[in-house]
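Dear colleague,

I am passing the structure below on to you, and my notes on what was found in it follow directly after.

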Amino acid sequence: MKINHNIAALNTYNKLNSASGAQAKSMEKLSSGLRINKAGDDAAGLAISEKMRGQIRGLDMASKNAQDGISLISTAEGALNETHDILQRMRELAVQSSNDTNTDDDRAEIQKEMNQLGEEVDRIANTTQFNTKNLLDGSMGKGVGAAVANVNTNKALQADAAADTVLTALKDAAGNNLGIAADDTIEVSYVINGETKTDSLTVADDTAFSALLAKVGDGTAGYTGGVTIEADADGFGGAVNGLTFTVKDKNGDVRASATNALSSFSETTSASNLRADGQATFQIGANTGQNIKVSIENMSASALGVKNLKVENQGQADVAMKVLDGAIQKVSAERSKLGATQNRLEHTINNLNTSSENLTAAESRIRDVDMAKEMMNQTKNSILSQAAQAMLAQANQQPQGVLQLLR
């Protein structure tokens with residue numbers, strides 16, 4: 001018999017620690033309701049669970065965003081409902097005024113109400129807001145946002161033929177395609193609205209004319225004028241005619257010239273004149289790019305064409321009816337668009353909520369504890385812990401048997 005090392009007690013002690021540790025873990029899971037309380041419980045499961053949680057919270061917020069979007073649209077649509085009523089009343093007055101049973105004084109009184117109704121259309125357009133954002137003044141329309149930096153007031157011309165059309169039209173004396181030498185000047189003359197305009201650029205390096213086309217207008221090749229020559233085979237209208245390309249050397253002598261090298265041009269606003277979109281962007285998903293854009297056009301009296309509308313005689317009243325028909329149709333189209341978007345957002349909310357529910361269920365299977373199963377484990381570990389304590393007491397009694405040998 002050995003008393004320095006009680007192997008039975010040591011073994012029982014280890015089992016007791018193991019059972020007590022397992023019992024503590026079970027109690028932690030039961031008290032929190034989570035199977036994973038720290039990374040050590042399930043490292044991979046924790047990473048997957050956290051990713052799912054990010055998606056779930058994103059889906060829930062996207063659902064709220066869509067609901068806010070519906071509120072914004074409802075605010076705008078409600079205001080347009082009142083605008084519709086006003087326009088219908090204005091048309092009613094126009095019909096009344098068009099009847100020659102009315103005297104000039106009668107029509108003057110009708111005109112007073114028309115004026116007030118027109119001002120109210122403007123007031124509604126300028127003051128209807130959601131969270132301090134104007135909705136109907138045109139600031140949420142397409143291409144009406146903040147101006148792009150370095151605004152250029154020049155117009156641009158876009159060709160409706162490919163670059164080789166121009167290249168073929170400009171040839172040297174031998175009939176070869178013309179190469180552009182350093183310090184040559186490309187001069188472009190054209191007629192628009194009966195007025196001849198000329199613009200030019202000096203070529204900074206040796207390049208073919210076809211290669212030059214890609215550079216003109218984008219700030220390279222030293223170009224600062226207001227004519228943009230671009231190769232584009234899509235086709236544009238013939239707003240510009242009488243087009244002439246002339247190539248001059250550094251001494252100013254003409255090397256080659258071609259008239260009507262391109263069949264036609266159309267005048268377009270240069271990129272620097274474009275404005276950023278003013279459309280509202282609704283984030284309706286948990287991830288980047290999952291959004292929709294909503295635009296609301298200008299619904300002011302001027303935009304609808306009913307500002308200062310006159311009904312002071314039969315002719316004016318007849319014209320006013322046609323104008324008001326167009327205004328009513330424009331408001332109807334805008335309301336229809338907003339209503340369609342609202343219906344879309346309602347379906348979006350339903351889909352987001354369903355996705356969130358299903359993803360939550362998946363995350364729960366990873367993260368949450370099965371209470372019944374864990375209670376069973378806790379009971380097992382509790383019994384093992386108590387049994388180990390009893391056996392440890394028995395193991396500690398065994399060395400006392402040595403005292404019997406001393407008697």
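Predicted model: local features only at pLDDT ≥ 70, side-chain atom pairs only at ≥ 80, totals over all residues.

Residues are numbered from 1 along each chain as its sequence is written, and side-chain values use heavy atoms, with hydrogens and water left out.

The chain holds eight helices and twelve strands, which are DSSP runs (H or I over at least four residues for helices, E over at least two for strands) numbered from the N terminus. Of its 407 residues, 37% count as buried, that is, under 20% relative accessible area with a 1.4 Å probe and protein chains only.

Two helix pairs deserve a look. Helix 2 (residues 43-97) packs against helix 7 (residues 314-367) at an angle of about 165°, with axes 7 Å apart, the axes being lines fitted to C-alpha atoms over the stretch in contact and the angles running from 0 to 180 degrees between N-to-C directions. The two are therefore roughly antiparallel, a term for angles over 145 degrees.

Helix 1 (residues 7-32) and helix 8 (residues 371-397) pack at about 155°, with their axes 8 Å apart, and so helix 1 and helix 8 are roughly antiparallel to each other as well.

Best regards

How values were computed: Buried < 20%, exposed > 50% of the residue type's maximum accessible area, 1.4 Å probe, protein only. Parallel < 35°, antiparallel > 145°, perpendicular 65-115°, else oblique.
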